[in-house]
Amino acid sequence: MRKLVLFMHTSLDGYVARPMGEMDWIHVNDAMFDFADRQTQDADLAIYGRRTFNMMESYWPTAAENPRATKHDIVHSAWYRSVGKIVFSTTLEHSNSPLTQIRSEFNPQEIQDLKTQNGKNILMFGSPSIAHLLMQHHLIDDYWLFVNPILLGKGLPLFTTTKQITRLRLEECTTFSSGVIGMHYVKR
C-alpha cells in the first residue's frame, strides 16, 4: 500500500508562511537537499495546490538545463518531470504536462483509492490548504516536518483545530547545520 507523505517547512511556532504567503525565512542547505532527494526517490506521485504547483512549474521543469545547476537542481528536476501530479485548484483549468491532472474539488475517497494502488509513495510539498484537508480526513501517513529556528508570531498555521485526535510516533529526528530540525512522524 502506498503512503501519503507530507513534506513541510514550519516555524517553531507552527506557521508555514508569513501572512502574505512569504517563505523567505526558510533555511535550506545542501545536506537538506540531499536528504529530500533521497525521499523523493521513494515517490512517483505528487499532490499540490495551485500556488505551490505554479511555483514548482516556474522552476523545476527546466532547472537542470541551467549551466549553474546544482546537484539538487539536476536530481529534483529529473524527478519532477517524471512523476505524476495532481493539482487541486478551482481556477486552473488545464496543464501542458500529460503527467498533471487538475482537480477542481477535493475528494477524500479518490486520495484513499490512490493509496491502495500499486506504486511508490505519494508526496505533498507545501500547499497548506490541501494539507489541512488531508489531515481533516486522516489521509496523511507520514509527516516530514522541517522546523526552522524562527518565531513568526503570525501567519498561515500548519495545524488547524481538529475534532479528532491523530496519534503520531516519532521515527527519526535529524538536526541540520542551519539549525533546522527534520522530524519524521508516522501515523499510529
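## Accessibility and the model

A residue counts as buried under 20% relative accessible area, as exposed over 50%, and as partly exposed in between. Lys3, with a relative accessible area of 33%, is therefore partly exposed. The model described here is predicted.

The model holds 7 salt bridges. One of them joins the side chains of Lys3 and Asp142, with N and O 3.1 Å apart. Lys3 lies in the segment before S1 and Asp142 in strand S7 (residues 142–148), so this pair ties together parts of the chain that are 139 residues apart in sequence. While Lys3 is partly exposed, Asp142 is buried, because its relative accessible area is 3%.

Arg2 also takes part in a salt bridge: its side chain meets that of Asp44 at 2.4 Å, N to O. Here too distant parts of the chain are linked, since Asp44 belongs to strand S3 (residues 43–49) and Arg2 to the segment before strand S1 (4–11), 42 residues apart. Arg2 has a relative accessibility of 6% and counts as buried. Asp44, at 29% relative accessible area, is partly exposed.

## The Glu171 and Arg169 pair

Glu171 forms a salt bridge with Arg169, and the closest N and O atoms of the two are 2.6 Å apart. Glu171 is partly exposed, with a relative accessible area of 41%. Arg169 counts as partly exposed at 40% relative accessibility.

## Packing of helices H1 and H3

Two packed helices are described by the angle between their axes and the distance between the axes. For helix H1 (residues 30–40) and helix H3 (residues 71–82), the angle is about 20° and the axes are 10 Å apart. Angles under 35 degrees count as roughly parallel, and H1 and H3 are therefore roughly parallel to each other. The crossing of H1 past H3 is left-handed.

On the H1 side, the contact is made by Phe33, Asp34, Asp37 and Thr40. These meet Lys71, His72, Val75, His76 and Trp79 of H3. Sorted by class, the residues in the contact of H1 with H3 are 3 nonpolar, 3 polar and 3 charged.

How values were computed: Residues are numbered from 1 along each chain as its sequence is written. This is a predicted model: local features need pLDDT of at least 70, side-chain atom pairs count only at pLDDT 80 or more; totals for chains, interfaces and linings use all residues. Side-chain values use heavy atoms; hydrogens and water are left out. Axes are lines fitted to C-alpha atoms, for helices over the stretch in contact, and angles run from 0 to 180 degrees between N-to-C directions. Helices (H or I, at least four residues) and strands (E, at least two) are DSSP runs, numbered from the N terminus. Angles under 35 degrees count as roughly parallel, over 145 as roughly antiparallel, 65 to 115 as roughly perpendicular and the rest as oblique. A crossing is left-handed if the near helix is turned anticlockwise from the far one by less than a right angle, and right-handed if clockwise. Contact means heavy atoms within 4.5 Å. Ala, Val, Leu, Ile, Met, Phe, Trp, Tyr, Cys and Pro count as nonpolar, Asp, Glu, Lys and Arg as charged, and the others, Gly among them, as polar. A salt bridge is a side-chain nitrogen of Lys or Arg within 4 Å of a carboxyl oxygen of Asp or Glu. Buried means under 20% relative accessible area, exposed over 50%, partly exposed in between (1.4 Å probe, protein chains only).
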